[in-house]
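This report concerns salt bridges and helix packing. Please consult the sequence and the structure shown below.

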Amino acid sequence: VVAGLAFRAGALAKTTVLPAGFLLLVLLWRSAGSRRQAIGFIAGATLLITPWMVRNRLELGRFEIANGNAGISLFAGTVGNLMLPSWDTFPEYLEARSRWEAEGRLEEPVFDRYLGRLAIERIAANPSGFAALALERGFRFMLPARHWFVAAGFSQTGSAGPAYLCAIAIQLLLFASCAMLMIGAMRRPRDATALVAPLIVFSHLLVYAASHSSPRYGATVGPLLFASLAMIALPSTLRATLGLSERDA
């Protein structure tokens with residue numbers, strides 16, 4: 001129940017955690033000795049999110065969780081990875097807005113959902129092009145936030161100084177440790193809790209690879225990346241400190 005409450009609190013702050021919640025529910029349902037853990041997770045999540053959805057139904061006329069920008073994020077992600085001059089002035093957006101105001105409003109009254117439908121059509125029309133953009137965004141998501149290094153004076157625009165290169169190495173090490181944790185947990189079906197951090201980290205990665213999002217959002221999974229490294233490193237360190245063999249441990 002507490003996990004469900006915490007998950008939904010995270011969803012209210014950042015809706016990109018929603019795919020992770022679905023995966024966690026599946027994990028709990030399959031790994032729990034009984035189904036009580038999964039039911040408790042659902043109960044806690046529902047308890048926290050239901051008042052917000054009811055509020056949106058009263059204020060907006062529909063049950064909503066997100067703040068209504070998923071469609072435009074996905075749509076912009078089909079256009080390109082260059083920095084857009086503005087979220088509401090690039091040509092593809094203006095054309096879509098004109099089409100929606102002329103005829104699309106009758107089919108879909110919510111413009112952001114209309115953009116989401118257009119995004120899916122654009123992806124279906126050019127899946128290889130979209131896949132290339134998504135791979136590039138996935139890599140950018142795993143890099144440190146470049147604008148922070150420039151703002152803090154540790155790097156310069158258009159260059160890769162020593163500080164930024166060191167940060168890249170650390171960041172990739174963290175993601176690699178999370179992948180190692182996931183692989184190890186998948187080999188040990190009973191160790192389901194070790195999959196929690198990788199599920200949240202890599203589901204975020206997929207969300208940001210699919211949409212036009214800033215790499216700075218990688219900070220949302222930072223604590224779990226360090227937790228993954230700790231879960232891999234600490235056991236072997238403790239064994240070495242205590243002088244225990246793998247069998248003794």
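## Salt bridge between helices

Arg117 is partly exposed, at a relative accessible area of 36%, whereas Glu107 counts as exposed at 58% (buried means under 20%, exposed over 50%, partly exposed in between, with a 1.4 Å probe and protein chains only). Glu107 forms a salt bridge with Arg117, their closest N and O atoms lying 3.5 Å apart (a side-chain nitrogen of Lys or Arg within 4 Å of a carboxyl oxygen of Asp or Glu). This pair links distant parts of the chain, with Glu107 in helix H5 and Arg117 in helix H6, ten residues apart (helices are DSSP runs of H or I with at least four residues, numbered from the N terminus).

The model is predicted: local features need pLDDT of at least 70 and side-chain atom pairs pLDDT 80 or more, while totals for chains, interfaces and linings use all residues. Residues are numbered from 1 along each chain as its sequence is written, and side-chain values use heavy atoms, leaving out hydrogens and water.

## Salt bridge within H5

The structure holds two salt bridges. Glu101 forms one with Arg97, where the closest N and O atoms are 3.2 Å apart. Both residues lie in helix H5, four residues apart, or about one turn of the helix. Glu101 is partly exposed at 45% relative accessible area, as is Arg97 at 30%.

## Packing of H5 and H6

Helix H5 (residues 91-107) packs with helix H6 (residues 111-125) at an angle of about 115°, their axes being 10 Å apart (axes are lines fitted to C-alpha atoms, for helices over the stretch in contact, and angles run from 0 to 180 degrees between N-to-C directions).

Definitions and conventions. Helices (H or I, at least four residues) and strands (E, at least two) are DSSP runs, numbered from the N terminus.
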